[in-house]
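Here is a short walk through one protein model. We begin with a charged pair, then turn to other pairs and to the nonpolar cores.

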Amino acid sequence: MSKRVKRPEVRDGYDRWSESYDQTPNPLVDAGCGTGTHLGLMLRSGSSPVGLDLSRGMLNVTRGKYPSVPLAQADLNDQLPVRRRAFDAVLCALVGEHLSNLRLLFREIGDSLARGGRFVFSVFHPEMAAAGIEANFERDGVEYRLGALRHTVADYLNLIDRAGFRRIEVHEFRGDDVLVQQVPWASKYLGRPLLLAVEARKR
């Protein structure tokens, strides 16, 4: 019997995924602030982080882990609920394929950074979306597929540049033997581009 497939809206999908997200094998990093993986690292390094995510379910999991961290539900396709020039760094991890208004997002992030502030952006490599690969999870015999908009590497880089960033560094990562040793099912990605990461500074 074939598996049932559902395509919920992104927010609903991540709400449903939040309960099992931390147990889902993931060879990369989590999206948005998600369930707080990056926030925990930031706290341990002595930073004072703030977390934004579209999914209330993800934020509830994060709040249970890190009750002292300020969190806000936010749609990254809209204006961000943060003060201007308030942050030394912004991390935006693995959400780009869900966003339709990248121009606004990069401008909002630039506005939230102090001069010289650091911006780190990562996204599933556009070649994955072009191949029809998207974020997904299974629950109760149903596979939930969360979609992936098809942006290009040039789309991301041009919009980051136009948002007022400088010293833009680009890194593209492919599936390799180390990944397969850690996550055996990822052998199907061996040699394929998996992740695009960009680091830039606010002018």
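Helices here are DSSP runs of H or I with at least four residues, numbered from the N terminus. The model is a predicted one.

Start at helix α1, which covers residues 10-17. Both D12 and R16 lie in this helix. They sit 4 residues apart, about one turn of the helix. Their side chains meet in a salt bridge, at 3.0 Å from N to O. Side chains of opposite charge can pair when their charged atoms come close.

D12 has 32% relative accessibility, so D12 counts as partly exposed. R16, at 28%, is partly exposed too.

How many salt bridges does the model hold? The count comes to 6. Another of them joins the side chains of E108 and R84, again with 3.0 Å from N to O. This pair links two separate parts of the chain. E108 belongs to helix α4, while R84 lies in the loop between β3 (71-73) and β4, so the bridge ties together parts 24 residues apart in sequence. E108 has a relative accessibility of 2%, so E108 counts as buried. R84 is partly exposed, at 35%.

Next, look at R118 and E199. Their side chains form a salt bridge of 2.7 Å, N to O. R118 is in strand β5 and E199 is in strand β9, so the pair ties together parts that lie 81 residues apart in sequence. R118 is partly exposed at 36% relative accessibility. E199 is partly exposed as well, with a relative accessible area of 21%.

Now move to the nonpolar residues. The largest nonpolar core has 25 residues. Which of them touch the most other members? They are C92, F106, I109, F119, F121, I160 and F165. Several elements build this core. β4 (87-93), α4 (102-112), β5 (113-124), α6 (153-162) and β9 (193-202) each supply at least two of its residues.

Technical notes. Residues numbered from 1 in each chain as written. Predicted model: local features only at pLDDT ≥ 70, side-chain atom pairs only at ≥ 80, totals over all residues. Heavy atoms only, no water. Core = buried A, V, L, I, M, F, W, Y, C linked by side-chain atoms within 4.5 Å. Buried < 20%, exposed > 50% of the residue type's maximum accessible area, 1.4 Å probe, protein only. Salt bridge = Lys/Arg side-chain N within 4 Å of Asp/Glu carboxyl O.
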